[in-house]
Amino acid sequence: MLKFVVRRLLQLIPILLGLSVLLFVWLRALPGGPAQALLGERATAESVARIEALYGLNEPWYVQYWKFISAAVQLDFGNSARTNRPVIEEMSRTFPATFELAIAALIFAIGIGIPLGYYAARKYGSWLDNLSVSGSLLGVAVPVFFLAYILKYVFSVQLGWFPTQGRQDPRVDADHPTGLYVLDGIITGNPEATWDAIMHLVLPAIALGAIPLAIIVRITRASVLDVVHEDYVRTAEAKGLWERTITRRHVLRNALLPVITVIGLQAGLLFSGAILTETVFAFDGVGRFIAEAISNRDYAVLQGFILVIAAMYVVVNLLVDLSYGLIDPRVRVR
Amino acid sequence: MRVTDSEPLLRSEPLLDVRDLSVTFTRKGGPTVRAVDGVSFTVRPGETVGLVGESGSGKSVTSLAVMRLLPRRGVQVGGQVLFDGDDLLTLPRDRMRDIRGRDIAMVFQDPMSSLNPVVPIGIQVTEVLERHQDLKGETARAAAEELLFRVGIPDPRRRLKEYPHQLSGGMRQRALIAMALACKPRLLIADEPTTALDVTIQAQIIELLKELVQDTGASLVMITHDLGVVAGLCDTVHVMYSGRIVESAGRRELFGEPRHPYTGGLLASVPRLDAPRGAPLHPIPGSPTDVLSWHKGCAFAPRCPNRLDACIGGPPRLESLGDRSLRCLNPLEQNEEVPA
Amino acid sequence: MSLSEVEAATESEQVEQPAGNLRKEAWKRLKRDPIALVGFGLIAFFVLVAIFAPLIAPYAPDAQPGRGMITPTNIPGPSAEHWFGLDASGRDEFSRVVYGARQSLLVGVVATLFGMAGGLLLGVLAGAFGGKVDTVVMRIVDIMLSIPGLLMAIAIAALLGAGLWSVMIAIAIINVPVFARLLRGQMLAQRGSDYVLAAVSLGVRRRPIVLGHILPNSISPVIVQATLTLATAIIEAAGLSFLGLGGADPRVPEWGRMLADTQRYLASAPHLAFFPGIAIVIAALGFTMLGERLREAIDPKYRR
């Protein structure tokens, strides 16, 4: 097992290095170069030269790359051109919001996706099955931002069940020690703030979780259909075990292996998916900040955020692989 | 002993009485297939019965129908399966679950795929004990260890913690047998238990089954295509072809004097060590897919060396001939040389 | 087990068919599949609308027939005159949605073709040469896959500057790894197959084997993947132009951009969000439905 972990960790190195090279080249390939990118379009030649000297952009590329890497390792990505604050500060400010949203989206997608996929497979050919199959086809064909619009229009604007935007009603008196508003409400003993934060999360979480939901339903269904025809399930039946033992121990434990991989992949994608969702709901997180950085050509922010999100994605995938090793004994010995 | 002297067996009530069992598969848009077609046989307490036939003969489907393990969709099962007087086919599902694993247990063909790859062997053994005998925790574990020891798995304590892929093929089959025998069932059904194993292991597993059945007094239904397995084990043998029994007899009668041309062909196709060097093998011509539908005539007719015109004129009946039952219009003569 | 034996026996006639007949078989199955047919119908509808947009649309996409009728609080919805209503600048929403089909189809097709071409090239390189080439190519693919697709598309489009071409190139690039992996897998799987070994043993050189044998046999999965990629490309393109990375020319309306522009009017003029959104769904759903069923028809592994 330890060997397996070490090998997977070593495989990370070339990927992260390649990623950093890619971003390094990217920033330097931007129209006008990084100095212009930092200063914006109206920068004068003089100020560009000053910035280039300041950031060592006139030095040889390998020196620049080294500086870039050592800065990145210390999480120093420069300042945001728009807010003029360090990128890392902006990131730590917006990160909890998106983290909270991603968790809520995952709870929604997994909580509905696995049971739905399971029952669709067990009731193969039933209306529930047909519904989940067509639903999962539709789920991947609806753009996130359009779904977000529909949810917002129907449930916020028309029905008024949920707030239309933001993370917390400004009229609600709330402290935010962690930045995870639901958690904040709980630890500060403020049920009103907790409830308000939850209500703000519901629609964005559904919008963000829709695609993962569709994919989880589909994979769970296919996987359960495969597993229930396996010989070992028949063996379990031949032992006269109760149906719930068979389901839990012999069907789900095997059927969920591919589902876990997919959940991991989808979880890693939530931060980038949040760019569109958060924009629609004016949800003050990483995604919205990136969207604003795009329209403001705030390249330092883009670079830092992309590097961090990609690194997170890689790490999440690694964690999924490792957890696979915990559940499936066959992986460990390979 | 028991194997030779069958007199007392005949007088006792049957433990399992399969009456006119039929299994039909229907597939959406596909043809209807009658995999088992009016099969009847009995198994007495302590008796060992062989169901023999090529793949596709319906022997495995018969066993799965008895256990009610066939999928519910697209499968119709007819007839009766009386176990201890109860018809298993109409029993409430929960009662059937009580019987499975406790009174009737089953050993399957492929020990690798029949064991759950992600659950330790120990749990797969103890779960039967927990379900049927209310054993828990350490007691169940100790019982499982004892079971593994009895089926000849060395170092059982360690093996309990291992996963199926860490065991050899023979070990896995032994573990499956341990699970089947965990609750001392009265009937054990073994579906081709040695087919997926190495030849040397096959003999060991058969020997083990024989021993365990004799020790516990359980009845055994051995399903196999291998007449060698039957010869060393079974009191009574039923030969199946295309879903029907074509010949039933005691082991000695069947091997001594096969009457159905199919039985004769099966026997002749077994390679013999005592045959002279260079003597040709005698496979049955054709393949099991060259079948005639039973209601048109004898399904074996297309491959049969003894075929008469009447054979394809109508379905042959299963006739009782004193020491055996036979479904053939033109059986092999008694002591006739088996045709090549 | 025995049940599968029974099924195998009944299926044996189908199983023993050569590959050409399998394709015919897949085609036959597809023609009876309602989901595939609906998918095909949606695609046909989408393509026809795109081609004949000037004939279908009553107004030019930048004409403002309702300019005088618009106030910030009153944007007229669907009427007999304007089927999909008017947008915030008094343009005919129906005409703009119809013209939008052109951009969507163009981006989808071009991005998919470029992505496919790039992926095929990398995949064939990796699969045909193996060894170091394979390692290098697959590492590049791994790195590309380590960045979430949308994020990478944003980065590329930002690099190239907003516009239709940036969107196409960005989406093409993020789809390269998928095709590269697919092709490489196909090549590796087929390299050991009997007919390739036969060709090798007959002294056929590498290039003819790859071009003459392996590529043609990889076509089915590539077509399936391309169909599915078309769907995602259309959605991704809409996403990028939603974020303001697409073109801004009012004469070439883009559905994603139309949705973004409508954000402020969602409460007062929901039709402005509804119609372009539905248009994207129709286009993407058509390719998704056809692609999924195509995959099931061609590859029995997915059939259930």
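This is a predicted model: local features need pLDDT of at least 70, side-chain atom pairs count only at pLDDT 80 or more; totals for chains, interfaces and linings use all residues.
Residues are numbered from 1 along each chain as its sequence is written, while chains are lettered from A and ligands numbered from 1 in the order in which they are written.

**Chain C overall**
- Chain C has 12 helices and zero strands, with helices (H or I, at least four residues) and strands (E, at least two) taken as DSSP runs numbered from the N terminus.
- Of the 304 residues in chain C, 48% are buried (20 or more other C-beta atoms within 10 Å of the residue's own; 12 or fewer is exposed, in between is partly exposed, and C-beta atoms are placed from the backbone).
- Looking at chain C contacts (C-beta atoms, placed from the backbone, within 7 Å) with a separation of 6 or more, 72% link residues 24 or more positions apart.

**Helix pair in chain A**
- The axes of H5(A) (residues 87-122) and H6(A) (residues 127-141) come within 8 Å and cross at roughly 130 degrees; axes are lines fitted to C-alpha atoms, for helices over the stretch in contact, and angles run from 0 to 180 degrees between N-to-C directions.
- H5(A) and H6(A) are therefore oblique to each other (under 35 degrees is roughly parallel, over 145 roughly antiparallel, 65 to 115 roughly perpendicular, and the rest oblique).
- On the H5(A) side, A:Leu116, A:Gly117, A:Tyr119 and A:Ala120 make the contact, meeting A:Leu128, A:Asp129 and A:Ser132 of H6(A).
- Sorted by class, that H5(A)-H6(A) contact has four nonpolar, two polar and one charged residues (Ala, Val, Leu, Ile, Met, Phe, Trp, Tyr, Cys and Pro are nonpolar, Asp, Glu, Lys and Arg charged, and the others, Gly among them, polar).

**Sheet in chain B**
- Four strands of chain B form an open sheet in the order S2-S1-S4-S5, with antiparallel pairing (two strands pair if DSSP finds at least two bridges between them).
- S2 (32-43) and S5 (86-87) of chain B sit at the edges with a single partner strand each, so one side of each has no neighbour in the sheet.
- S1 (residues 16-26) and S4 (residues 75-83) of chain B run antiparallel and are joined by eight bridges.
- B:Arg19 has B:Gln80 in S4(B) as its bridge partner.

**Where chain A meets chain B**
- Here 20 residues of chain A are in contact with 26 residues of chain B.
- H10(A) gives the most to the side of chain A that touches chain B, with six residues.
- That side of chain A has six nonpolar, five polar and nine charged residues.

How values were computed:
Two residues are in contact if their C-beta atoms, placed from the backbone, lie within 7 Å.
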